[in-house]
Structures are given as structure tokens and as C-alpha cells.
Amino acid sequence: MEIDVQRMIFELLGGLGIFLYGITIMRTGLQKCAGNKIKDILDRFTSNPLIGFLAGIVVTGMIQSSTATTVITVGLVSAGFMTLRQAIGVILGANIGTTVTAFIIGINIEEYALPIIAIGAFLLFFFRKQMLKNIGQIFFGLGSLFYGMDLINQGMEPVSRLDAFQELTLQLSSTPLLGVLLGTISTMLIHSSSATIGILQGFYAESFISLEAALPILYGDNIGTTVTAVIVSIGASIAAKRTAGIHVLVNVVGMIIFLILLKPFAAVILSLTSAFHLSPEMAIAFAHGIYNILSSLLFLPFINVLILLIQKLIPGKDSLMEYRSKRLNPRLIEQSTAIAIGQAKEEVIFMGNLAIKGLEESHLFLKTRKEKLAKNSKQAEELLSNLDRKITNYLVDIGLFSLSEYESEEQKKLINTVRDIKSIGELFENIIEHTEYHIAMKVNFSDQALVNLDEMFEITIGTVKSAMISLDQNNKDLANEVIKKNVLIDHMIEDLRTQHVLQLQSGECSPQSGIVFIDLISNLGRIGNHAANIANSVLKEQKYFQEVR
């Protein structure tokens with residue numbers, strides 16, 4: 001039997017490239033259309049595992065990437081905005097949402113691939129509106145997906161007639177674990193279970209592989225998609241590691257159960273194919289959907305068992321912060337704007353104390369170089385970013401109602417304070433980055449420089465603490481002390497800069513250490529300015545300190 005090897009290789013590799021690009025660009029278009037809604041949905045609608053389960057289905061259905069959903073979930077758990085219990089629901093839902101692509105491929109519109117690509121290209125290149133460009137990406141990706149699959153099938157057709165290939169398919173049918181391994185590795189390499197399922201649909205449609213050989217590969221695809229979440233969890237909190245571990249555990253246990261039930265499950269899919277006259281592609285889509293739905297629903301009632309099991313497998317106590325607000329209740333605004341402002345103020349105080357904790361951790365990191373402290377500080381900054389958005393939105397919603405003069409002043413004061421606290425978070429994150437650079441470049445400070453930095457940190461942390469207490473207690477005397485401390489910080493920075501120039505000139509310290517030292521004290525000075533802004537709001541002063549950039 002003669003085979004045009006060059007053509008076969010070109011069609012296989014070219015088709016695979018177009019197919020993978022199609023999956024990627026379609027997903028990108030979907031994610032752009034979804035915008036920032038994804039994180040908001042996961043952040044807001046995960047109050048319990050069942051709601052999280054539905055949120056996982058919706059979000060993954062929108063962006064067609066269970067990996068992306070899981071990675072975002074791991075990030076939210078790591079930042080303390082989602083508990084492990086809530087995250088499990090999202091992960092189980094994501095496994096169902098990711099099956100949509102397989103059903104799209106199952107529609108089997110390969111003959112329309114080129115016109116769909118043309119529509120996508122037209123929207124991409126002839127329109128300026130971003131939404132139309134995003135839709136163009138979806139169309140272009142969808143057409144490329146079908147066109148690439150068609151090329152893969154053409155390239156595989158002569159290979160399927162080879163005795164060696166037929167022996168391989170027989171081996172896959174008789175050794176299901178080999179199929180699981182093949183599916184796992186292929187998804188790990190491609191980083192997309194949707195892509196590998198799509199290729200599997202093409203192979204099954206062309207009779208290159210039997211259903212009993214295809215199903216274990218499908219199971220393996222689900223395991224392979226967990227790798228990215230595991231990689232993201234490395235170095236994250238224990239809660240984040242456990243979240244990624246649950247993702248692996250659920251898919252591995254689901255695979256084992258369905259591997260035991262392989263023959264009955266294959267018989268069910270064949271019966272459905274016959275009863276509903278399903279195309280081979282749609283048969284695999286149904287197999288994928290039923291497998292993921294049943295395995296997810298199977299684990300949903302046993303979330304507590306999963307938590308206990310993963311705690312045994314990944315032991316340890318998570319020392320990182322966790323945040324769940326019960327103060328920002330939207331219904332409260334309608335009932336009493338005064339109480340709502342009071343609740344918002346409590347949240348702002350919490351935010352300020354969190355900023356103090358992050359600043360203290362950044363100081364300890366400089367002194368001890370313990371990586372755990374840097375992670376804690378960075379997590380605090382992530383929490384501050386989310387709190388900034390939540391509290392500001394809440395305060396803006398309060399402003400939509402009729403407020404007394406006092407309430408209006410309080411609302412504006414709190415909005416400004418939130419902005420200042422958020423800026424403090426960004427500045428102590430800068431300090432962490434400068435410290436990491438200092439460690440990586442093996443820059444050494446003189447003993448005197450370390451003493452000066454300690455003194456600057458202590459005064460700055462004390463100033464921020466006093467600012468938050470003055471806000472909490474509306475203490476104008478303490479607010480005046482904050483202003484004086486900030487002036488002292490500014491004078492200290494000027495003196496230290498002068499001293500450091502002299503030390504550079506005398507060769508007591510290197511230029512690199514000088515740059516890092518100046519950057520550190522500058523960031524501390526700017527933090528002092530933000531503390532003074534908070535104190536000024538208590539004093540009802542209109543003049544605000546400007547950051548020195």
C-alpha cells in the first residue's frame with residue numbers, strides 16, 4: 001500500500017496546528033466577550049457549594065475552559081475570598097461546563113468551515129468596534145476548529161489502514177489504562193481537554209478507534225486538565241494546594257469508577273446513538289457530557305468527605321488570611337443609610353488593619369528573608385484590591401440615596417480613605433519587590449542602613465496605626481499627631497538621603513544597595529503621606545499630601 005508520507009505529515013501537523021489555534025482564538029473571543037464578569041461571578045455567587053456548582057457551570061460554559069475557571073478559583077482561595085468548601089462546588093461545575101465545546105463539534109458542520117472563517121475574518125478586519133472583533137474571533141476560531149479537524153482526519157485516513165495502527169487500536173480496546181494514560185499525556189501537552197476531546201471525536205467519526213478504546217482516552221483527558229491548576233497552586237497557600245488536589249482527586253476517582261463500568265457505559269452510549277440517530281461526534285459529546293455530569297453529581301453530596309480526605313492527604317495549618325464580609329449588605333442601604341455607612345466604616349477599619357498587617361509582614365521579610373512572609377504580604381495586597389472595589393461600590397450605591405450633610409461627608413471621607421489604604425497596599429508590595437531584588441542580587445546593607453530602615457519602618461507603621469485609630473474613634477488629637485509624625489518621616493527621609501550620598505562617596509556602600517535603600521525609604525515616605533491623608537479627613541482638612549513620584 002502506497003502512502004504519500006509528506007502529504008500525510010503536512011495534513012496531520014497543519015491540521016493539528018489550525019485546530020489548536022481555532023480552539024485558542026475561539027476561547028479568547030469568548031473570554032473577551034465575558035470581560036470581567038468571570039471573576040465577579042465566582043467571587044459573588046459561591047456562598048455555598050450548590051451555588052458554586054452552578055456558577056462553575058455558567059462560567060466555564062461562557063469561556064470554554066475548565067482550566068481557566070479552576071485557576072481563577074485557586075487564586076480566589078489563595079487570596080482568602082473563597083473557602084475550600086465553596087471551591088469544590090465550582091470545580092465540580094467546571095467539569096460540566098467544559099463539555100459544551102464537544103457538543104459544538106458534534107454538530108458536524110465541517111463543510112461550512114471556510115465560510116465561517118470568512119465571516120470571522122470579515123468581522124475582525126473590517127470593523128473597529130471591539131465587541132464585533134471579539135465575535136469575529138469566536139467565528140474565526142470555530143471555523144478554524146472544524147477546518148483543522150477535517151485536515152487531521154484526511155491525514156489520518158492512510159495511517160488507519162496500516163497494520164501497526166490497527167494493532168494499536170486493538171491494544172487500546174483491550175488495555176483501558178493505556179487509553180487513560182494516552183488521554184492524560186495528550187491533554188497535559190496541549191493544555192486543553194476540549195482540544196483532545198475534539199480530536200478524539202474526529203478519530204471516532206472516521207472509525208480510526210472503537211468506542212471502548214475512545215472512552216478511557218476521554219477519562220484521561222479529564223485528568224490531564226488538572227495539571228495547570230496543580231502548577232498554579234505550587235508555592236500558594238495550603239488551601240489553594242488542597243483546592244488543586246480536590247480537582248485531581250475528583251477526576252481520578254471518577255475515572256476509576258467509570259473504568260470499572262466501561263462496558264456498561266459503552267453499551268449505554270451505543271443505545272443512545274441508535275435511539276437518537278446520533279453522529280459519531282455527537283456520541284462522543286454525549287459520552288463526555290454524561291460522564292462529567294454523573295461524576296460531578298456523584299461527589300456533590302460528599303463535599304465534607306472530600307474535605308476530610310484532602311486534609312489528610314495535604315496536612316498542615318494554613319496561616320494565611322481569610323476574608324468573608326458580612327457587613328456590606330445591599331438591603332441595609334434601603335433600610336437605613338446611616339447604619340449602612342456605619343457598616344461600611346467598620347469594613348474600612350478592617351481594611352486599614354489588614355494594610356498594617358501587610359506592612360508589618362513586609363518589614364519582617366526584609367529582616368528575616370523568609371519567603372512565607374512575602375507571600376503573606378502579597379496576599380494582603382490582593383485582599384486590599386478586592387476590598388477597594390467592594391467597599392467603593394457599596395459607598396457609591398449609598399450615595400444614590402438621599403443623604404444628610406453629615407452622611408454625605410462621611411461617605412466621601414470613607415471613599416477617600418479606601419483609596420489611600422489601597423495605595424498603602426501597593427506601596428508595601430513595592431517594598432516586597434525591592435527586597436526580593438535585594439536578595440536576588442545579593443545586595444548587602446551596612447549595619448547603620450539596617451538600623452535606619454528599622455527605625456523608618458517602626459515610625460511609619462506606628463503612623464498608619466494611629467491614623468486608623470483616629471478614624472475609628474474620630475480622635476482629632478491623634479489625627480494631629482499623625483500629621484506631625486508624617487512631617488518627621490519626611491525630615492528623616494531627607495537626612496537619610498544626604499547620609500547615603502556621603503556613604504556612596506566614601507565607598508561604605510555600593511551603588512546597588514544605595515538604589516534599593518532610597519527606593520525603600522521613598523515608599524515608606526509615601527505610605528506616611530497616605531496615613532496623613534486619612535488623618536486630614538478626620539480633621540476635615542481639604543489639603544491632601546501628594547505622593548512624591
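Which residue forms a salt bridge with Glu-481? Lys-484 does, and the closest N and O atoms are 3.9 Å apart. By salt bridge I mean a side-chain nitrogen of Lys or Arg within 4 Å of a carboxyl oxygen of Asp or Glu.

Before going on, the ground rules. This is a predicted model, where local features need pLDDT of at least 70, side-chain atom pairs count only at pLDDT 80 or more, and totals for chains, interfaces and linings use all residues. Residues are numbered from 1 along each chain as its sequence is written, and side-chain values use heavy atoms, with hydrogens and water left out.

Back to the pair. Both residues sit in helix α23, residues 476–506, three residues apart, or about one turn of the helix. Helices here are DSSP runs of H or I with at least four residues, strands are runs of E with at least two, and numbering starts from the N terminus. An α-helix has 3.6 residues a turn, so residues three or four places apart point the same way. Glu-481 counts as partly exposed because its relative accessibility is 37%, and Lys-484 counts as exposed because its value is 54%. The classes are buried for under 20% relative accessible area, exposed for over 50%, and partly exposed in between, with a 1.4 Å probe and protein chains only.

The structure holds eight salt bridges. Another one joins Glu-410 and Lys-413, with the closest N and O atoms 2.8 Å apart. These two are also three residues apart, in helix α21, residues 405–440, so about one helical turn separates them. Are they buried or exposed? Glu-410 is buried, with a relative accessible area of 7%, and Lys-413 is buried with 7% as well.

A further salt bridge connects Glu-212 and Lys-263, where the closest N and O atoms are 3.3 Å apart. This pair links distant parts of the chain: Glu-212 belongs to helix α12, residues 211–224, and Lys-263 to helix α15, residues 262–276, 51 residues apart. Glu-212 is partly exposed, at 27% relative accessible area, while Lys-263 is exposed, at 57%.

Now the whole chain. How many helices and strands does the protein chain have? There are 24 helices and zero strands. Of the 549 residues, 52% are buried. The chain exposes about 25,200 Å², and carbon and sulfur atoms supply 61% of that; the areas come from the Shrake-Rupley method with a 1.4 Å probe, and for residues only the protein chains shown count as cover. Among contacts between residues at least 6 apart in sequence, 81% join residues at least 24 apart. Contact means heavy atoms within 4.5 Å.

The UniProt record, an unreviewed entry, annotates "transmembrane region" at several spans, including 88–106 and 252–278. Its positions are given in the numbering used here, feature names are shortened, and annotations may be inferred rather than shown by experiment. In the model, residues 88–106 are 89% helix and 0% strand, with end C-alpha atoms 29 Å apart. Residues 252–278 are 89% helix and 0% strand, and their end C-alpha atoms lie 28 Å apart.

Next, helix α11, residues 193–205. At 1.5 Å a residue, its 13 residues should span 18 Å, and its end C-alpha atoms are 18 Å apart, which agrees. The expected span is 1.5 Å times one less than the number of residues. Twelve of the 13 residues in α11 are buried, among them Gly-198, Gln-201 and Tyr-204. After α11 comes Ser-207, with a positive phi near 60°.

Ser-295, in helix α16, residues 280–299, is buried at 6% relative accessible area. Leaving aside neighbours within four places in sequence, Ser-295 is in contact with Gly-254 and Phe-258.

Ile-349 is in helix α19, residues 337–368, and is buried at 11%. Ile-349 and Leu-471 are 122 residues apart in sequence, yet 7.9 Å apart in space, C-alpha to C-alpha. Beyond four places in sequence, Ile-349 contacts Met-468, Leu-471 and Asp-472.

Tyr-394 counts as buried because its relative accessibility is 4%. Not counting residues up to four places away, Tyr-394 touches several residues, including Arg-327, Pro-330 and Ala-344. Its C-alpha is 9.7 Å from that of Ile-415, 21 residues away in sequence.
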